[in-house]
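I am opening this model to go through its contacts, sheet and rings. My notes follow in the order I looked things up.

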Amino acid sequence: MKSFLHLVLAVLIGALAACNTFNPPIVPTLAYSTSAPQPTQVRTNPTPNPYGQVITYKTLQVTMTQAEFTSDYETEYGSRRAPPVGAKFLWIAVQFENISPNEQKLPATEHFILIKGAVEFKPTYGHRKGYPDYTSLNPGLYPGHKTEAWLRFDLPMDADLAELQFVFLPESVQVSSSFPVSGYTWADHPMFSWQCAP
């Protein structure tokens with residue numbers, strides 16, 4: 001019996017000794033990449049269409065027909081509107097023709113952008129007296145019908161028509177979201193642009 005108790009006591013002492021033995025924590029080894037960083041791909045815009053050229057998106061023909069600067073303008077309501085300090089107004093006339101046998105919905109103003117270098121400008125409220133405003137158009141265009149209206153952009157005073165591109169994005173609202181996969185697409189969406197200078 002004594003030898004059995006000695007054996008049990010020896011096992012318990014051994015177990016306690018094993019539990020109290022200091023085991024340092026296991027620290028995971030961090031792996032660091034030694035490869036050089038990849039250079040960032042440079043974005044390039046598609047070559048713009050010539051001023052006034054007709055493009056066809058599905059069954060809608062679209063043309064930028066005119067571009068002109070003004071320092072101020074008279075509104076349809078008889079008041080005069082001046083540009084923000086250091087800016088001037090650019091007016092773009094765009095024409096649509098429905099070449100399908102069905103009524104077509106015109107794109108919203110958000111689908112038009114003006115590009116100056118790497119900067120994008122969205123159209124804003126216009127309503128210049130004697131010039132049909134794009135936001136006033138009937139959103140539906142009947143088969144075989146044409147319509148034309150103007151969009152207003154507020155640009156820096158030093159902007160020149162020769163450096164500007166007018167862009168139509170029928171399925172998107174931003175140019176610089178990805179890289180082009182072909183001449184007229186950006187982020188896998190169609191992109192059409194025109195030179196603003198004749």
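I began with H111, which touches V167, F168, L169, P170, E171, S172 and V173 when residues up to four places away in sequence are not counted. Contact here means heavy atoms within 4.5 Å. I placed H111 in the loop between strand 6 (104-105) and strand 7. Strands are DSSP runs (E, at least two residues), numbered from the N terminus. H111 counts as buried because its relative accessibility is 16%. Buried means under 20% relative accessible area, exposed over 50%, partly exposed in between (1.4 Å probe, protein chains only).

I noted the ground rules. This is a predicted model, where local features need pLDDT of at least 70, side-chain atom pairs count only at pLDDT 80 or more, and totals for chains, interfaces and linings use all residues. Residues are numbered from 1 along each chain as its sequence is written, and side-chain values use heavy atoms, with hydrogens and water left out.

I looked up an open sheet of 4 strands, in the order 1-2-5-10 with antiparallel pairing. Two strands pair if DSSP finds at least two bridges between them. Strand 1 (54-57) and strand 10 (146-156) are at the edges with a single partner strand each, so one side of each has no neighbour in the sheet. Strand 2 (residues 60-70) and strand 5 (residues 87-98) run antiparallel and are joined by 10 bridges. V62 stands opposite F96 in strand 5.

**Core**

I then checked F96. Leaving aside neighbours within four places in sequence, its contacts include L60, V62, L106, F112, Y134 and H145. F96 is also among the residues that touch the most other members of the largest nonpolar core, which has 29 residues. Such a core is a set of buried Ala, Val, Leu, Ile, Met, Phe, Trp, Tyr and Cys residues joined through side-chain atoms within 4.5 Å.

**Rings**

I found 14 aromatic pairs. Rings of Phe, Tyr and Trp (its six-membered ring) pair if their centres lie within 6.5 Å; planes under 30 degrees apart are stacked, over 60 edge-to-face, the rest tilted. Y57 and F192 have ring centres 6.3 Å apart and planes at 65 degrees, so they are edge-to-face. Y57 is in strand 1 and F192 in strand 14, so the pair ties together parts 135 residues apart in sequence. Both are buried.

Last, I checked R128. Its charged end sits over the ring of W91, 4.3 Å from the centre. R128 also lies over the face of W150, at 5.1 Å from the ring centre. The criterion is NZ of Lys or CZ of Arg within 6 Å of the ring centre and within 35 degrees of the ring normal.
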